[in-house]
Amino acid sequence: PQDGLPWGMRCVMFIAGRRCVIYNLHLPTPRDALESYMRGTCRWVVLGLVPYDPWQRKRELHESFWKPYLDFSLSLQKQLLAESDPVILAGDFNTPPMGPIHSQLTQGLQDSHIAAGSGFGFTFPGDTHNPLSLFQPWLRLDRIHFSKHWQALHCSTFDMPAQHLPVIAELQLLPSPHQ
């Protein structure tokens, strides 16, 4: 990570006598990049003006910002694919469920909301009184993914005073093929 801080942790637990690996992830908010888009090229184009900074420079800034995210997701992807034990990857992805970061992090994993949830599963913004968000969440940034060793029985969010609504999933560990 660009700031030297970990963006997640890996825990090993024994569930029903089996070794299971749980990753808790919290990617940093890409707020700086999103704000730069709002005050940058997009605004100039909307106004019909030519941007002051050359397009190449904007591209370099964009790529330099996102590179640590992509490097981290690629590194974690390799680690997740190397796991042979049952895996759960959960947390605040701070990215929508699309794009290269999400694809790398969730390759080979199932999404608990898609498998056993209902509705949209939006988690952000949580406790909002902002009329621009229609007073309700409209993004699904917080998710729980799992390996083929699990079956999702239920997945939902619940309302509480928080910036991101919590996600809860009930997962059942499937019998080991060696039993």
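## Leu76 and the nonpolar cores

Apart from neighbours within four places in sequence, Leu76 is in contact with Tyr23, Leu25, Leu89 and Leu105. The model described here is a predicted one. Leu76 belongs to the largest nonpolar core, which has 17 residues. Within this core, Tyr23, Leu25, Leu27, Leu76, Leu80, Leu89 and Leu105 touch the most other members.

Two or more residues of this core are supplied by each of strand S2 (18-26), helix H3 (55-82), strand S3 (87-92) and helix H4 (99-106). Helix H3 gives the largest share, 6 residues. There is also a second, separate core of 10 residues, with Cys20, Ile88, Phe146 and Ala152 among them.

## Thr95 and Arg143

Thr95 is located in the loop between S3 and H4. Thr95 has a relative accessible area of 7% and is therefore buried, since the cut-off is under 20%. Leaving aside residues within four places in sequence, the contacts of Thr95 are Leu27, Ile101, Arg140, Leu141 and Arg143.

Arg143 is part of strand S5 (residues 142-146). Which side chain of opposite charge is nearest to Arg143? That side chain is Asp111, 4.8 Å away. A salt bridge requires a nitrogen and a carboxyl oxygen within 4 Å, so Arg143, although buried, has no salt bridge. A polar atom of the Arg143 side chain does lie 3.1 Å from the backbone oxygen of Thr95.

Leu141 lies in the loop between helix H5 (112-116) and S5. With a relative accessible area of 7%, Leu141 is buried. Leu141 and Phe93 are 48 residues apart along the chain, yet their C-alpha atoms are separated by 5.5 Å.

Beyond residues up to four places away in sequence, Leu141 touches Gly91, Asp92, Phe93, Asn94, Thr95, Pro96, Thr123, Phe124 and His164.

## Salt bridges

Side chains of opposite charge can pair when their charged atoms come close. The structure contains 4 salt bridges. One of them joins the side chains of Glu83 and Arg10, at 2.9 Å from N to O. Glu83 is in the loop between H3 and S3 and Arg10 is in strand S1 (residues 8-15), so this pair ties together parts that are 73 residues apart in sequence. Glu83 is buried at 16% relative accessibility, whereas Arg10 is partly exposed at 36%.

Asp111 and Arg140 also meet in a salt bridge through their side chains, at 2.7 Å from N to O. Because Asp111 lies in strand S4 (residues 110-111) and Arg140 in the loop between H5 and S5, the pair ties together parts that are 29 residues apart in sequence. Asp111 is buried, with a relative accessible area of 8%, and Arg140 is likewise buried, at 10%. A further salt bridge connects Asp71 with Lys67, with the closest N and O atoms 2.8 Å apart. Asp71 and Lys67 both lie in helix H3, 4 residues apart, about one turn of the helix. Asp71 is partly exposed at 39% relative accessibility, and Lys67 is partly exposed at 47%.

Definitions and conventions: Residues numbered from 1 in each chain as written. Predicted model: local features only at pLDDT ≥ 70, side-chain atom pairs only at ≥ 80, totals over all residues. Heavy atoms only, no water. Core = buried A, V, L, I, M, F, W, Y, C linked by side-chain atoms within 4.5 Å. Buried < 20%, exposed > 50% of the residue type's maximum accessible area, 1.4 Å probe, protein only. Contact = heavy atoms within 4.5 Å. Lys, Arg positive; Asp, Glu negative; His and termini not counted. Polar contact = N/O pair within 3.5 Å; in protein donor to acceptor, adjacent residues only side chain to side chain.
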